[in-house]
Structures are given as C-alpha cells and as structure tokens.
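Would you walk me through this structure, one selection at a time? I have it open in a viewer and would like to know what to click on next.

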Amino acid sequence: MINKNDAMQIPIMAEMAANNDNPEILFWVGCAGSFDQRAQRITKAFATILNKTGIKYAILGKEEMCTGDPARRAGNEFMFQMMAYQNIQVLNNYNIKKIVTACPHCFNTLKNEYPALGGHYEVIHHTVLLQQLIDEGKIKMQGGGSFKGKKITYHDSCYLGRANNIYEAPRQVLEALDTELVEMKRCKSNGLCCGAGGAQMFKEEEKGDTRINLERTKEAIETDAHIIATACPFCNTMMTDGVKMNEKEDTVKVMDIAELVAASML
C-alpha cells in the first residue's frame with residue numbers, strides 16, 4: 001500500500017481519525033493502484049492533483065482490502081461477501097460518506113453492489129471529480145504544454161461507460177488539454193471491451209482467432225493518435241500490452257487521464 005514518505009504526503013485515515021479529524025473525501029486506491037507498478041504511477045498522479053487542489057482526503061492504507069469484484073465475477077460469491085463486509089465495517093466505523101477511486105471496477109462495486117450489504121456511500125470516479133475541479137477553476141491547465149498538438153483517443157472502460165453511463169466527463173477533461181481528441185469507430189455505448197473485465201485479467205485466455213486487447217489497440221492506432229487515454233488500470237494494462245505487441249511503443253503512449261492532467265497542471 002502507499003504510505004507516507006518524504007516525496008509525497010498521503011494522509012492515512014487511521015491517523016486522521018486518531019486526531020478527531022475527518023476527510024472531505026476518501027481516496028479508494030484499489031488493488032491495482034496499490035500493488036501494480038504501472039498503476040502506482042496513476043495513483044501518485046491523482047494524489048498529486050488532490051494535494052495541489054487542497055482537497056482534504058485520506059486513504060485507508062493497510063486497512064483497505066480488495067472490493068471483491070474479481071471474486072464475484074469469477075463466481076466466488078462467498079469470497080466477495082467476506083471482502084465486502086470487512087470493507088463496509090471499516091468504512092462505516094470511520095463514518096465515510098464520500099469515496100473517489102481511479103478504478104471503474106472498484107467504483108461499480110462500491111456504488112452499485114455494496115448498498116445491498118449495508119455500505120451506502122457517495123462514490124465518484126476520478127474522471128468525474130477531475131471534470132468538476134476543472135469546471136470550478138480549481139484545476140488550471142497550462143497552454144502549450146508537452147501535449148500541445150498531440151492527438152489523443154479515449155478508450156471507454158466497460159464499467160465506467162456501459163455499466164454506469166459515464167461518457168462525457170472523461171472527454172471533457174481531455175478537451176481541457178491543449179490537444180485534439182479523436183474518436184475510435186467503436187466508442188461510447190458501442191465501445192469494445194479491452195478484454196480484462198469479468199475477472200478475465202486473472203485467468204488463462206480461451207481459444208480464439210484474435211486477442212481482444214489486440215483488436216481494440218489496433219482500432220486506437222488506426223486513429224493516428226499519439227496517446228491512448230484510459231480511465232481504468234486494467235484497461236491501461238491491456239492497451240499497453242496491445243501497443244507493445246503491435247510494435248508501436250515508440251510512437252504511441254498509453255496514459256491515464258489523471259497522468260495527463262497532473263502533467264498539464266499549472
């Protein structure tokens with residue numbers, strides 16, 4: 001888990017509660033954002049934005065467990081409920097009301113599946129919060145930055161798009177950058193899955209003609225975009241692998257929206 005260090009001050013919920021203090025928002029880091037080296041960079045980028053905007057936030061740190069999304073998708077309902085109940089107990093003990101996360105899988109589970117088990121929270125995806133902060137003038141972008149004149153295409157995460165109908169917020173954030181947003185042929189409600197959802201990320205692939213992530217990455221490359229923007233650590237992994245397998249690493253980068261914003265903030 002991400003803890004306090006000299007480079008970046010990350011408030012821990014237990015320490016904040018010990019001082020009789022409460023955060024405005026709890027940042028749910030998620031398993032990928034905590035343990036995957038690539039996704040950790042997304043976590044750091046988003047934490048940098050929160051620090052710069054002065055939002056009072058905290059993370060659970062070692063008290064945060066997996067939401068149970070992969071277990072439920074893989075059919076292990078018992079494991080899901082064990083994880084969920086433990087998380088809900090921790091969250092309710094801290095009287096958490098508002099949660100933000102950079103993972104659509106965590107977002108969907110916390111928002112739509114925890115209420116049935118007693119976990120009632122306002123859950124926001126990080127792209128929605130970023131869009132709100134830009135609209136409120138709390139995030140200001142620098143013109144002519146490192147992304148000026150670059151073409152960006154955005155890959156819709158299934159759990160963010162089709163499952164929760166969040167299509168415009170990520171695009172509005174990208175449009176605030178000094179870039180050109182180009183759409184893939186299959187986008188928004190017609191977008192193609194990256195191949196990681198439904199616990200597919202953690203199992204052996206099944207026989208077929210083409211890997212889904214290769215198919216999707218080709219669609220992104222065909223837009224002539226310099227950057228493939230994602231809003232999900234799983235999508236980021238699948239699209240990055242697709243770029244490598246298409247041998248386009250030198251010309252196409254895969255970046256989370258939080259990384260693009262953090263690099264462009266004044």
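## First stop: His155

Please select His155, which sits in the loop between β5 (151–154) and α8 (168–175). Keep in mind along the way that this is a predicted model. With a relative accessibility of 1%, His155 counts as buried, because the cut-off for that is under 20%. Now show the side chain of Arg216 as well: a polar contact of 2.9 Å links it to the side chain of His155. To see the other neighbours, leave aside residues up to four places away in sequence; His155 then touches Met184, Leu192, Cys193, Cys194, Arg216, Ala229, Cys235 and Met239.

## From Arg216 to a pair of helices

On the α9 side, select Asn213, Leu214, Arg216, Thr217 and Ala220; they meet Met238, Met239, Asp241, Gly242, Val243 and Met245 of α10. Sorted by class, this contact of α9 with α10 holds 6 nonpolar, 3 polar and 2 charged residues.

Most residues other than glycine have a negative phi. Asp224 is not a glycine, yet its phi is positive, at about 65°. Asp224 is also exposed, with a relative accessible area of 54%.

Next, move to the loop between α10 (233–245) and β8 (253–256), where you will find Glu247. Its phi is near 55°, again a positive value in a residue other than glycine. Is Glu247 buried or exposed? With a relative accessible area of 72%, Glu247 is exposed.

## Along helix α11

Now select residues 257–264, which make up helix α11. This helix is mostly covered, with 7 of its 8 residues buried. The buried ones are Ile257, Ala258, Glu259, Leu260, Val261, Ala262 and Ser264. Zoom in on the start of α11: there a side-chain oxygen of Asp256 reaches to within 2.8 Å of the backbone nitrogen of Ala258.

## An enclosed helix: α6

How many of the 10 residues of helix α6 (residues 104–113) are buried? The count is 8, so α6 is largely enclosed by the rest of the structure. To highlight the buried set, pick Pro104, His105, Cys106, Phe107, Asn108, Thr109, Leu110 and Glu113.

Stay in α6 and centre the view on Thr109. Thr109 is buried, and its relative accessible area is 0%. Not counting residues up to four places away in sequence, Thr109 touches Thr67, Asp69, Arg73, Phe80 and Tyr114.

## Helix α7 and its two partners

Two packed helices are described by the angle between their axes and the distance between the axes. The axes of α3 (residues 37–53) and α7 (residues 126–135) come within 12 Å and cross at roughly 30°. α3 and α7 are therefore roughly parallel to each other, and their crossing is left-handed. To view the contact, select Phe46, Ile49, Leu50 and Thr53 of α3 together with His126, Leu129, Leu130 and Leu133 of α7. These residues divide into 6 nonpolar, 2 polar and no charged.

The contact is made by Thr127, Val128, Leu130, Gln131 and Ile134 of α7 with Ala169, Pro170, Gln172 and Val173 of α8. By class, the contact of α7 with α8 has 6 nonpolar, 3 polar and no charged residues.

## Last stop: Met16

Finish in helix α1 (residues 13–18), where Met16 lies. Met16 is buried, with a relative accessible area of 11%. Leaving out residues up to four places away in sequence, Met16 touches Pro11, Asp21, Asn22, Pro23, Tyr57 and Ala58.

Notes: Residues numbered from 1 in each chain as written. Predicted model: local features only at pLDDT ≥ 70, side-chain atom pairs only at ≥ 80, totals over all residues. Heavy atoms only, no water. Axes fitted to C-alpha atoms, helices over the stretch in contact; angles between N-to-C directions. Helix = DSSP H or I, 4+ residues; strand = E, 2+ residues; numbered from the N terminus. Parallel < 35°, antiparallel > 145°, perpendicular 65-115°, else oblique. Left-handed = near helix turned anticlockwise from the far one by under 90°. Contact = heavy atoms within 4.5 Å. Nonpolar A, V, L, I, M, F, W, Y, C, P; charged D, E, K, R; others polar. Buried < 20%, exposed > 50% of the residue type's maximum accessible area, 1.4 Å probe, protein only. Polar contact = N/O pair within 3.5 Å; in protein donor to acceptor, adjacent residues only side chain to side chain.
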